[in-house]
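Subject: Two-chain model, handover and findings

Hello,

Here is the structure for your files. My notes on it follow below.

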Protein chains: 2
Amino acid sequence: MLVLITYDVNTQTKAGRTRLRKVAKQCVNYGQRVQNSVFECSVDNAKLIEIQHILEGLIDKEVDSLRFYILGNKYKNKVIHIGARPSFDVNDPLII
Amino acid sequence: MLVLITYDVNTQTKAGRTRLRKVAKQCVNYGQRVQNSVFECSVDNAKLIEIQHILEGLIDKEVDSLRFYILGNKYKNKVIHIGARPSFDVNDPLII
């Protein structure tokens, strides 16, 4: 099934910027980056629980957040994209 | 139906930061902000076309992007939130 992961990480501190990079790096292991903080992951339930657990351990729940949208298997015509296509490298310097 | 709007606006220039503010301001008119660049909007097809058209006119399609995810009407158990900024149900009465 397709799962959309979106995240907000507070990057006002150096620790926050480190968290952001860690979250992005993990998401890359599970899916396709479609925007800066948006990943589409094709996973089963077990993998979903796994990534939830990993990401939950990386963020500061007081200031950061994660959202998971379960889009299911029939999602092809449920997504509309307008504009630039992503070309991100999680190892690139952070631009805010 | 619930539509998720996510956007990436390149804020490396002053013009980009202005575009970002304009996009966010428009999204606020249509739904609930759940993360920095993620809005959940309860709209019909006509409203969806309207917001698409408005946002498309605000971004620079060379460097920015918009994504619309049609989550439909049965979305209650399709969304998992972890961490800061609890989400709101766009159909709930507004409590101030």
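The rule finds 24 residue pairs in polar contact across the interface of chain A and chain B, both residues at pLDDT 80 or more. A polar contact is a pair of N or O atoms within 3.5 Å; within protein, one must be able to donate a hydrogen and the other to accept it, and residues adjacent in sequence count only if both atoms are side-chain atoms.

Some ground rules. This is a predicted model, where local features need pLDDT of at least 70, side-chain atom pairs count only at pLDDT 80 or more, and totals for chains, interfaces and linings use all residues. Residues are numbered from 1 along each chain as its sequence is written, chains are lettered from A and ligands numbered from 1 in the order in which they are written, and side-chain values use heavy atoms, with hydrogens and water left out.

**Interface**

34 residues of chain A touch 34 residues of chain B (contact: heavy atoms within 4.5 Å). The two chains bury about 3,000 Å² between them, 55% of it on carbon and sulfur atoms. Buried area here is the accessible area (1.4 Å probe) that two parts lose on being put together, summed over both.

Two salt bridges cross the interface (a side-chain nitrogen of Lys or Arg within 4 Å of a carboxyl oxygen of Asp or Glu). One of them joins B:Arg67 to A:Glu40, at 2.6 Å from N to O. On chain A, the elements that give two or more residues to this side are S1 (2-8), S2 (32-35), S3 (38-42), H2 (45-58), S4 (65-72) and S5 (79-83). Helices (H or I, at least four residues) and strands (E, at least two) are DSSP runs, numbered from the N terminus. S4(A) gives the most, with seven residues. The chain A side divides into 18 nonpolar, seven polar and nine charged residues. Ala, Val, Leu, Ile, Met, Phe, Trp, Tyr, Cys and Pro count as nonpolar, Asp, Glu, Lys and Arg as charged, and the others, Gly among them, as polar.

**Sheet ending in S5(B)**

Five strands form an open antiparallel sheet, ordered S2(A)-S3(A)-S1(A)-S4(A)-S5(B). Strands pair if DSSP finds at least two bridges between them. S2(A) and S5(B) are the edge strands, each pairing on one side only. Neighbouring strands are turned by 20° against each other on average, direction ignored. H2(A) packs on this sheet, touching S1(A), S4(A) and S5(B). Its direction makes about 170° with that of S4(A). Axes are lines fitted to C-alpha atoms, for helices over the stretch in contact, and angles run from 0 to 180 degrees between N-to-C directions.

Now the pairings. S4(A) and S5(B) run antiparallel over five bridges, and A:Arg67 stands opposite B:His81. S1(A) and S3(A) also pair over five bridges, with A:Leu4 partnered by A:Glu40. A two-residue hairpin joins S2(A) to S3(A).

**Sheet ending in S5(A)**

This one is open and antiparallel, with five strands in the order S5(A)-S4(B)-S1(B)-S3(B)-S2(B). S5(A) and S2(B) stand at the edges with a single partner strand each, so one side of each is left without a neighbour in the sheet. Seven bridges join S1(B) to S4(B), and B:Asp8 stands opposite B:Ser65.

**Salt bridges overall**

In one, A:Asp64 and A:Arg19 have their closest N and O atoms 2.5 Å apart. A:Asp64 lies in the loop between H2 and S4 of chain A and A:Arg19 in H1(A) (14-30), so the pair ties together parts that are 45 residues apart in sequence.

Best wishes
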